[in-house]
Amino acid sequence: MKLGRRQKRILKRKLKRIAGDVVAVIVGAGMFVGLFVAWANEPMPDWSEYIEENHIGMVQVEGSDTWLTQEEYEQMCKERDAYKAAEQQSYYNAILQSTETPVPTTTAAIGSLDWDADDSYRLAKIAMAEAEGEDTEGKALVILVVLNRVWSDDFPDTIEGVITEDTQFAAYENGRYDRVEPDADCYRALEMVQVEHWDESRGATYFERTTDETTWHNTTLKKLFTHGNHTFYTEE
């Protein structure tokens, strides 16, 4: 004799609930994705619900001619649970991997940001010499011009070489570079570049004090933007 209609429905429902419901919850503007896995926590119906006196403790699998003993039935339940857990964990891992925070793309294209204390001092010093009256970002932009040149094939490949190259930085040529000492804001600008990877230089390799007069910069180079009292350029 087969199971009763009610018992069949219960068993069918339980056996088919292999994959749990996965709900992706978006939390806040930071787009943090949390996964709440709703496992089928209800236990399988008690074995006694399926025992019928004239079936000597066996149950027929829905839609087949297979009859299971209690031991076989319990083993089937264990395998179902193991399969379900593996499937859900695999899906959970895939979701986490797909929602990892992407690496920022605004980092300066200046190769390595690792340099020694002497070069840090030189960068802060050129920021002070060329942009003492500018805001922190204005000082950081001067530092970035130096670094953009270091990683360009058209300039020396060291920070010192770029700063001391003949006729390139007016503050070095007129001796101001040697006279000034960087202040706290210059080191803050350096921190923005080296530690925070701030870069809005757009690849600038030249700058000059903004003027309406005709200059070599504004007649020869490609203008990128103006910040504070400086206009920044790159080669055409």
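Mentor: His 197 is found in the loop between H8 and S5. Helices here are DSSP runs of H or I with at least four residues, strands are DSSP runs of E with at least two, and both are numbered from the N terminus. The model is a predicted one, in which local features need pLDDT of at least 70 and side-chain atom pairs count only at pLDDT 80 or more, while totals for chains, interfaces and linings use all residues. Residues are numbered from 1 along each chain as its sequence is written, and side-chain values use heavy atoms, with hydrogens and water left out.

The backbone at His 197 deserves attention: its phi is positive, about 60 degrees, although the residue is not a glycine. Most residues other than glycine have a negative phi. His 197 is partly exposed, with a relative accessible area of 32%; buried means under 20%, exposed means over 50%, and partly exposed lies in between, with a 1.4 Å probe and protein chains only.

Ser 201 also belongs to the loop between H8 and S5. With a relative accessibility of 1%, Ser 201 counts as buried. Its side chain makes a polar contact of 3.1 Å with the side chain of Asn 148, and another, of 2.7 Å, joins it to the side chain of Asp 199. A polar contact is a pair of N or O atoms within 3.5 Å; within protein, one must be able to donate a hydrogen and the other to accept it, and residues adjacent in sequence count only if both atoms are side-chain atoms. Leaving aside residues up to four places away in sequence, Ser 201 touches Leu 141, Leu 144, Asn 148, Leu 224 and Phe 225, where contact means heavy atoms within 4.5 Å.

Phe 225 stands opposite Phe 232 in S7. S6 (222-227) and S7 (230-234) pair in the antiparallel sense over five bridges; two strands are said to pair if DSSP finds at least two bridges between them. The hairpin of S6 and S7 has two residues between the strands, and there Gly 228 takes a positive phi near 60 degrees. Four of the five residues of S7 are buried, which leaves the strand mostly covered.

Next comes the nonpolar core, a set of buried Ala, Val, Leu, Ile, Met, Phe, Trp, Tyr and Cys residues joined through side-chain atoms within 4.5 Å. The largest has 40 residues, and those with the most contacts inside it are Leu 123, Ile 143, Val 146 and Ile 159. The elements giving two or more residues to this core include H8, S5, S6 and S7, and also H3 and H4. H4 gives the most, with nine residues. Ile 159 touches residues that include Leu 123, Val 146 and Leu 147, again without residues up to four places away in sequence.

H3, residues 117-131, reaches 21 Å from its first C-alpha to its last, close to the 21 Å expected; the expected span is 1.5 Å times one less than the number of residues. Of its 15 residues, 11 are buried, so H3 is largely enclosed by the rest of the structure. Leu 123 and Met 128 are among the buried ones. At the start of H3, a side-chain oxygen of Asp 116 comes to within 3.2 Å of the backbone nitrogen of Asp 118.

Another loop, the one between H7 and H8, holds Val 180. Val 180 has 10% relative accessibility and counts as buried. Although 52 residues separate Val 180 from Met 128 in sequence, their C-alpha atoms are 6.9 Å apart. Val 180 touches Lys 125, Met 128 and Ala 129, not counting residues up to four places away in sequence.

For the overall setting, the protein has nine helices and seven strands, and 39% of its 236 residues are buried.
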